[in-house]
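Let's take a look at a protein chain together.

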Amino acid sequence: MQEQMPLSEMTNEELFAQYKNSGDPQVKQELVMRYIYIVKNIAVKMKGVYVTFAQMDDIINESVLVLMAAIDKFDPTMQVRFESYVAKRLRGLIIDMARKQDWIPRNIRKNARLIEEANNTLYHELGRFPTDEEMAEYFQMPVDKYRTRMLSKTNLYNLVSLDALFEGQQEGKISSSMMELTDESYLPEQFLEEKETEEMLKIGIESLRQNEQMVLSLHYQKELSMKEIAKVMELSESRISQIHTNALRKLRLYMKEHMEQN
């Protein structure tokens, strides 16, 4: 009889295969320990989202439960890396918690509404999304002041609002941040809706400027921090944050407009 290889010497792929076959809790625990770093990384990167209503330890504890559930649901035969699969679910957990807390200060909401109204006005006048300089001129303030006092502070608002917009489109079926086409609970019609939304989102991203697309790609696909993206793109961290905020705002408006048409 061939002696079984110790869990510590098995690859992640071998562990997933064994867990799917056996359901052994020891194998699951080994997988949790190997991927716990993702939980910690996202908890640190997204601290700005939850710092006003939760402690990091609480977020990590909740996230470990999400990690364990993701291990149970993950299908190794799908062409999806587990790291990407679970990262989306972990980010979705934090964003959903923030949205339910209604934590966004009134002045940030006010700035976000003013920026959205100005953007809509200039968009219809120009036939395109306005630049930062044109937005600053609209508000009659220097562009640096517009970026630091208005735009940068609405970043998280745009992120949470975009997530809520997707959830409204899904009629409460599933949060956009936690979209996973490998979830066995999906009905065929839900799958089609997700594909349509995914295609709409892809077109929306392609309508953004090249630097905005790059920031979104590096941040959400490559999971780089703003500081790391700043090094890659040879720009200041504050400028990367501004580009990120602009991209989210434009994407939210694009998705909102096209969802209302359908």
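Here is a short tour, from the whole chain down to a single residue.

## The big picture

First, keep in mind that this is a predicted model.

Of the 262 residues in the chain, 44% are buried. Now take the contacts between residues at least 6 apart in sequence: 61% of them link residues at least 24 apart.

## Inside the cores

The largest nonpolar core is made of 34 residues, and L67, I71 and F82 have the most contacts inside it. Helices α1 (12–22), α2, α3 (47–50), α4 (56–73) and α5 (82–101) each give two or more residues to this core. Another core lies apart from it, with 10 residues that include A118, M135, A136 and F139.

Setting aside neighbours within four places in sequence, L67 touches V32, Y35, I36, V39, F82, V86 and L90.

## A closer look at V44

Is V44 buried or exposed? V44 is exposed, because its relative accessible area is 52% and the cut-off for exposed is over 50%.

You'll find V44 in helix α2, which covers residues 25–45. Leaving out neighbours within four places in sequence, V44 is in contact with Y50 and M56. As for I60, it sits 16 residues from V44 in sequence, with 9.6 Å between their C-alpha atoms.

How values were computed: Residues are numbered from 1 along each chain as its sequence is written. This is a predicted model: local features need pLDDT of at least 70, side-chain atom pairs count only at pLDDT 80 or more; totals for chains, interfaces and linings use all residues. Side-chain values use heavy atoms; hydrogens and water are left out. Helices (H or I, at least four residues) and strands (E, at least two) are DSSP runs, numbered from the N terminus. Buried means under 20% relative accessible area, exposed over 50%, partly exposed in between (1.4 Å probe, protein chains only). Contact means heavy atoms within 4.5 Å. A nonpolar core is a set of buried Ala, Val, Leu, Ile, Met, Phe, Trp, Tyr and Cys residues joined through side-chain atoms within 4.5 Å.
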